[in-house]
Amino acid sequence: MNALRGLENLGRGTVRAVEEVGYLGALLAESLYWLFVGPFRKQPVRVEAVFQQMRQVGVNAVPIVLMLAFGVGVMLAIQGIHTMKTFGAESKVVIGIALSVTREFSSLIVGILVAGRSGSAMAARIGTMVVNQEIDALRVIGINPVRYLVAPALVALLIVVPALTVLADIAALFGGAVYTSLDVGISLAAYAQDTADVLTVDDVMQGVNKAFVFAVLIALIGAANGFGATGGAEGVGKVTTRSVVMSISAIVMADMLFTFFLTR
Amino acid sequence: MQHAITERQGASVLSLGGEIDLSNSPQARKLILAEIKAGNTLAIDLSGVSYIDSSGIASLVEGYQKAKSGGSRFGLVAVSEPAMKVLKLARLDQVFPLFASVDDFLV
Amino acid sequence: MNSEREAVIRVRDLVTHYGERQILKGVSLDVHAGEIMVIMGGSGSGKSTFLRFLLGLHQPTSGSIELLGQDITQLDSQGMYELRKKMGVSFQGGALFNSMTVGENVQLPLREHTELDDATIEIMSRLKLELVNLGGFDRLMPAQLSGGMVKRAALARAIAMDPRLLFFDEPSAGLDPVVSAELDELILKLRDALNMTIVVVTHELDSAFKIADRITVLDQGDILLVGTVEEVRNSDNRRVQDLLNRRPREEVIDPDAYMARLTDTPLNEL
């Protein structure tokens, strides 16, 4: 009896998960539709909204991104030097920092940060609009909510998350350089030279490409949770939390798959 | 919307007729503003208006404001009943100079 | 006289479900041009649901809804977009966009649907705010308005495009009697001057009797009665009278089923 119920719950959970992924896909398709077809139907995606989102999501996040990325760079340097000491190859730490920052950590840190800052804000904003009937009001005015709210955010994130990732690359490499120069005694110039020697465009692009995927995940998961809000302020709080947990999980899973296929 | 501009004793008389709505109020606005920009005394004859929406009313308001600031005379003439209802709803009957006929306006 | 007038809203056999539960059980209704139709009913009567379907926010299970001659259950999105230019809606809580000023709220439909000059759009939006006695409030944010002001601003937005159809959800809910009386006056004035067809959903009897040309009484997803104010007042239908006299509904109790519900035991095991 219990086994049956467990199986039933599992089945129901699976159906819900598949539905949810389907909904995200539909949101993406609809956003792309409005981006490309909207202008021909005299219902374009508003450019001002894109810029406004870019400012909120991007520009305002720059200080915290710089700080976190710098910290990650320092942390990688400490761990790297500690590990390399065993082999007496402390100076090789530069390669480790350069590759793990560009290929992995920058995009991941930026993704998680933007998910926490902006994905949640999007879920909260749309959720509040659902609860206040503002979404209904948009629809009866004839303004498609996906076109008005989701598409601009998607575009903004697609521009901002990769840009922040490159910025984070620079800050993290700088953090690594500062610590390494203090601890091992490599000059900043020599560190920069070594980094330039080992880094290829592919390494940087791996991080940037991940950032594009993370941007899409954050936008869609934030929006989907927002539209799913029910029952007042408490409901909005619930979907906001849910959107953060879901988008960070999705980012980590996507990162894992990405790394698996690109690194082997 | 039908429209015609005639001149009487140095004043322009713009006659508007039919339905003034979103589709043609920009045209009415252009006609009104052009007359005012030329510094003409302007009487707008609304006797033939069967319907006027708020975009039409907004054009009249803008015209009156421009005429006032430009120092030229402006008046609404022989306002039809449907148009008057809308003016009254917005209490604009107490704002616009209203005249029963073009002759009254010219006195 | 009513039957000769053009029906601008024509609903036929509307059946809707919420999940498994049937909410509207085959509703048919005509609303004539220039008429104020009040849809009344207690909570759970289906009146709010009915409104949401009239607005084309959901697809019904079956039945048709014609607005201005077009069946919105069949209409494609472009057709619906065009039709929405002729409809205005004032929601119960106002549903003003909180990120915009009151003026921008009223301007939004105009900016979306017309290519009018900025000066025209701004004068139009201020005109509408004057109509609802909110002249000079266009630069405030919705959060700075009182409940009654939010409702009036929402009405100003609803009539921004001079719509032929105006839908009004619970105009007097949560308002003090004076403000709600003012709103009633305004609804009557709008109909008279702009010849709008107005559908008002409410549970307030006083307001309904004051503004309605005809009243539709909904109860548990069915239409109990459609008639003039007099006809509704004089109806000998018990549920209508219960509603008018604010009597709680008395249901005949099936003792066994009641016990079964209370104890959560299947009926046959009781």
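**Exercise 1. Describe how helices α4 and α6 of chain A cross.**

Solution. Start with the handedness: α4(A) and α6(A) make a right-handed crossing. A crossing is called right-handed if the near helix is turned clockwise from the far one by less than a right angle, and left-handed if anticlockwise. Helices here are DSSP runs of H or I with at least four residues, strands are runs of E with at least two, and both are numbered from the N terminus.

Next, take the geometry. Two packed helices are described by the angle between their axes and the distance between the axes. Helix α4 covers residues 93-131 of chain A and helix α6 covers residues 145-183; their axes come within 7 Å and cross at roughly 145 degrees. Axes are lines fitted to C-alpha atoms, for helices over the stretch in contact, and angles run from 0 to 180 degrees between N-to-C directions.

Finally, sort the residues: the contact of α4(A) with α6(A) has 18 nonpolar, seven polar and one charged residues. Ala, Val, Leu, Ile, Met, Phe, Trp, Tyr, Cys and Pro count as nonpolar, Asp, Glu, Lys and Arg as charged, and the others, Gly among them, as polar.

A word on the source: this is a predicted model, in which local features need pLDDT of at least 70 and side-chain atom pairs count only at pLDDT 80 or more, while totals for chains, interfaces and linings use all residues. Residues are numbered from 1 along each chain as its sequence is written, and chains are lettered from A and ligands numbered from 1 in the order in which they are written.

**Exercise 2. Work out the sheet of chain B and the helices that lie across its strands.**

Solution. First, write down the strand order: the open sheet of five strands in chain B reads β1-β2-β3-β4-β5, with mixed pairing. Strands β1 (2-8) and β5 (98-99) of chain B are at the edges with a single partner strand each, so one side of each has no neighbour in the sheet. Strands pair if DSSP finds at least two bridges between them.

Now look inside the sheet. Strand β2 (residues 11-20) and strand β3 (residues 41-52) of chain B are parallel partners over nine bridges, and B:Ile20 stands opposite B:Ile52 in β3(B).

Helix α1 (residues 25-37) of chain B lies across β1, β2 and β3, at about 175 degrees to β2(B). Helix α2 (residues 54-70) of chain B lies across β2, β3 and β4 (74-77), at about 170 degrees to β3(B).

**Exercise 3. Find what chain B brings to its contact with chain C.**

Solution. Count first: 15 residues come from chain B and 15 residues from chain C. Two residues are in contact if their C-beta atoms, placed from the backbone, lie within 7 Å. On the chain B side, α1, α2 and α3 (81-89) each supply at least two residues. The largest share, seven residues, comes from α2(B). By class, this side of chain B has eight nonpolar, three polar and four charged residues.

**Exercise 4. Follow strand β4 of chain C to its two partners.**

Solution. One partner is β1 (residues 7-18) of chain C, joined to β4 (residues 62-67) by five bridges in the antiparallel sense. Here C:Arg10 has C:Glu66 as its bridge partner.

The other is β5 (residues 70-71) of chain C, also antiparallel, with two bridges to β4(C). C:Glu66 stands opposite C:Asp71 in β5(C). To finish, look at the turn: β4(C) and β5(C) form a hairpin with two residues between them, and C:Leu68 in that turn has a positive phi of about 50 degrees.
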